[in-house]
Structures are given as structure tokens and as C-alpha cells.
Amino acid sequence: ASKVTETFVCVQPDDVEGKIREIIPPGFSSNTDDFISLLEKEANFKPFGSLLHTYKVHNVEAGADLTYLIHKADISCPGFREHHERLQTFLMWFIETASFIDVDDDHWDFFLVFEKYNKDGETLYATVGYMTVYNYYVYPDKTRPRVSQMLILPPFQGEGHGAQLLETVHRFYCNLPKVQDITAEDPSENYVKLRDFVLVKLCMDLPSFSTEKLPLGFSEEMATEAREKLKINKKHARRV
């Protein structure tokens, strides 16, 4: 601050830390040594919620297949509320129109992606990304899960984690009888492309989307099977 005021008369520096405090929960570190000491506690961290899916991705630099886990959690999981308060701050850095959600609403589902790795003989977990889904009510007795937020952190982008996450979430809701269909809130162009890829992959296993029937064009049989088996609405099935 003193360097700025000495060089530029009457120009005050921006209160960067004050702005950061508006979105980051109390307890963050502003000292490098303090931050490094806190990292030692990460050895005790375990993923929240229940495991839905495990997959591997080959890493060229490591010359090995790395293991990744997708967990489903909700706000009732011990310690998850505090974890989510810190996790959601990443949205402000990487998504222009991001906003925080009301976690006290029990209609929210949370899906988390972790990298599982070993260091000095200990099993550790690194956060890769996450997704939030809100379960809307559909008259008379159905729900409509709507993807609200989805983020894969930059070091892990371009490795297929987004597709793995979206497919896992989609398969999870497909197994719930009360789910009407699955939608997204104000999807970006990149999200729409990702969703198209995942839905095409899922529909490839449906008889109505067989190579013999595709040349005949879109049909009501396709719309019905996609809706009943994959919770895909007619508009998205038509895109496929």
C-alpha cells in the first residue's frame, strides 16, 4: 500500500483482501507458512458421502493409470457443510455468473470427484471437481433433478472427468422411479456439448437407437424409450 501511495499521489490501493473476505469463509490463511502447516492435516481427509463410481485415467507424465472416485453427499454428512463452504468459493474464480446456494434446503444433492493417490505410504485425496443438483417437484408425485453448478478444476480439465461425472449423475437418477427427467439450469455452450456426448453414449445401448433404426429418423419409440429408461426428455432425445 505504501509503495502505491508514494508513487501515485491520491491513488488508494484496492482492498483486495477485503473483497476476498466477502466470499471466503473465516479461517483462511494469508501466510504461506501457516498454509503449508495446514496441509499436513489433509492426510486425515476422507471423501464425504457414498461412493457411486470409480474409474481410471492414464496420465502421460506419471506413466501410470490414476484412480478417481465420484461420491454423492448431502448437507447432513458430518463436516460436509464446512467443506462445501470452502469448495463453492472456486465457482467465483472460474464461473462468471456463479452464485452461492442455500444449503439449508434439503432438495440439494452434491456429487464430488476426487483423485485417490499415495504419498509417503499414505492414501490421500485431491478434489477434482463437483456438481450440485436441485430436485424440483413435478405434479403429482415426481421430481425433476436440475443441474445447477458443475466445475472441474483447471489442473484436471481435458481429461474426461466432466463426462464421467455427468454420466454417473445421470445413471444415479435413472435408477430412481420418481424421477421424471433430468435438466440443467441455464446451461453453457460447453455444457450442452458435454451433455450431448453423454446422452449419445447412453442412447447407443437402447434398441430403438440401433444402427438399423437410426436411418429411419427420429420416432416416438425413441422418445418413449429414452424417457422411460434414461429420463431424457423428448427435446434432448431428438438432439441425440
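How many nonpolar, polar and charged residues are there in the lining of the second largest pocket? That comes up in point 5; a few other things are worth a look on the way there.

1. Keep in mind that this is a predicted model.

2. Start with helix H4, which runs over residues 80–87. Its buried residues are Phe80, His83, His84 and Leu87. Looking down the axis of H4, you'd find these buried residues within an arc of 100 degrees, so they line one face of the helix. As for what covers the buried residues of H4, the list includes strands E2 (64–73), E3 (108–119) and E4 (122–138), along with helix H5 (89–94).

3. Next, the largest pocket, with a volume of about 1400 Å³. It has 37 lining residues, and Phe35, Leu38, Leu39, Glu42 and Arg86 are the closest to its centre. At least two lining residues come from each of H3 (32–39), H4, H5, E3 and E4. Sorted by class, the lining of this pocket holds 20 nonpolar, seven polar and 10 charged residues.

4. The second largest pocket comes in at about 920 Å³. Among its 30 lining residues, those nearest the centre are Ile95, Gln149, Met150, Ser188 and Tyr191. Two or more lining residues come from each of H5, E5 (142–152), H6 (161–174) and H7 (189–203). Strand E5 gives the most, with six residues.

5. Back to the opening question: the lining of the second largest pocket has 15 nonpolar, 11 polar and four charged residues.

Technical notes
Residues numbered from 1 in each chain as written. Predicted model: local features only at pLDDT ≥ 70, side-chain atom pairs only at ≥ 80, totals over all residues. Heavy atoms only, no water. Buried < 20%, exposed > 50% of the residue type's maximum accessible area, 1.4 Å probe, protein only. Helix = DSSP H or I, 4+ residues; strand = E, 2+ residues; numbered from the N terminus. Arc of directions from axis to C-beta. Contact = heavy atoms within 4.5 Å. 1 Å grid on protein atoms, 1.4 Å probe; cavity = no way out; pocket = protein on both sides within 12 Å on 5 of 7 lines; lining within 4 Å. Points joined across faces, edges and corners; volume = space filled by probe spheres on them. Nonpolar A, V, L, I, M, F, W, Y, C, P; charged D, E, K, R; others polar.
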